[in-house]
Amino acid sequence: MTQTSESVTWLTQAAYDQLKAELEYLSGPARSEITIKIAAAREEGDLRENGGYHAAKEEQGKQELRIRQLTQLLEKAKVGTAPASEGEVAPGTLVKIAFDGDESDTMEFLLASREYASSDFETYSPQSPLGSGVLGKKIGEDAQYELPNGKQASVKILDVKPFTG
């Protein structure tokens, strides 16, 4: 689970270990595998019309991007539990909202990055329109965010609690 401030990403030990293992795999064995794929495709001849070569290079680019993302995330990570947010919406919290203040039209979601998406709850990133709209709000406060069509939507924060996984 992650709880993030401007400079720190809070992770459980299990989440940290999982991300660290992914980084080690991508930086080691996976890099070797993609290098072998590229070399094999290169031996097939003309690179301009070599689909296997271009696919392997694209896969390598995505892999290198993920390595950079994981490296940055783990550099800022602290293992443990973030300070309590006292009912304030923050990454790593379950948030219950009412659309347009209508308490019969509610939704509960996890505010977290995609690495921590839960099968039990819909997950919204703190950078998403809804996530950034509710971030920092407290129980009882109203928040606005922009819909994909450019219109503004309003929600009321009904409950905020730490996500325990």
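Let me begin with alanine 41, whose place is in helix 2; helices (H or I, at least four residues) and strands (E, at least two) are DSSP runs, numbered from the N terminus. The model before us is predicted, so that local features need pLDDT of at least 70 and side-chain atom pairs count only at pLDDT 80 or more, while totals for chains, interfaces and linings use all residues. Residues are numbered from 1 along each chain as its sequence is written, and side-chain values use heavy atoms, with hydrogens and water left out.

Is alanine 41 buried or exposed? Its relative accessibility is 5%, and therefore it counts as buried; the term means under 20% relative accessible area, with exposed over 50% and partly exposed in between (1.4 Å probe, protein chains only). Leaving aside residues up to four places away in sequence, alanine 41 touches Leu47, Asn50, Gly52 and Tyr53, where contact means heavy atoms within 4.5 Å. Alanine 41 and tyrosine 53 are 12 residues apart in sequence, yet their C-alpha atoms are 4.8 Å apart in space.

Glycine 52, one of those partners, lies in helix 3. With a relative accessible area of 40%, glycine 52 is partly exposed. From glycine 52 to arginine 42 the C-alpha distance is 8.7 Å, at a separation of 10 residues in sequence.

I turn to helix 2 as a whole. Which residues of helix 2 are buried? They are Ala30, Ile34, Ile38 and Ala41. Viewed down the axis of helix 2, these buried residues fall within an arc of 75 degrees, so they line one face of the helix; the arc is that of the directions from the helix axis to the C-beta atoms. As a general point, an α-helix has 3.6 residues a turn, so residues three or four places apart point the same way. The cover over the buried residues of helix 2 includes helix 1 and helix 3.

Glutamine 63 is found in helix 3. At 9% relative accessibility, glutamine 63 counts as buried. Residues up to four places away aside, glutamine 63 touches Leu26, Ala30, Arg31 and Ile34.

Next, helix 1. Ala15, Leu19, Leu23 and Leu26 are the buried residues of helix 1. They fall within an arc of 70 degrees seen down the axis of helix 1, so they line one face. On the other side of helix 1, Ala14 and Glu24 are exposed.

How does helix 1 meet helix 3? The axes of helix 1 and helix 3 (residues 51–76) come within 10 Å and cross at roughly 145 degrees; axes are lines fitted to C-alpha atoms, for helices over the stretch in contact, and angles run from 0 to 180 degrees between N-to-C directions. Among the residues in this contact are Leu19, Leu23 and Leu26 of helix 1, and Gln63, Ile67 and Leu70 of helix 3.

Finally, the whole protein chain has 4 helices and 8 strands, in the order β-β-α-α-α-β-β-β-β-α-β-β along the sequence. Of its 165 residues, 33% are buried.
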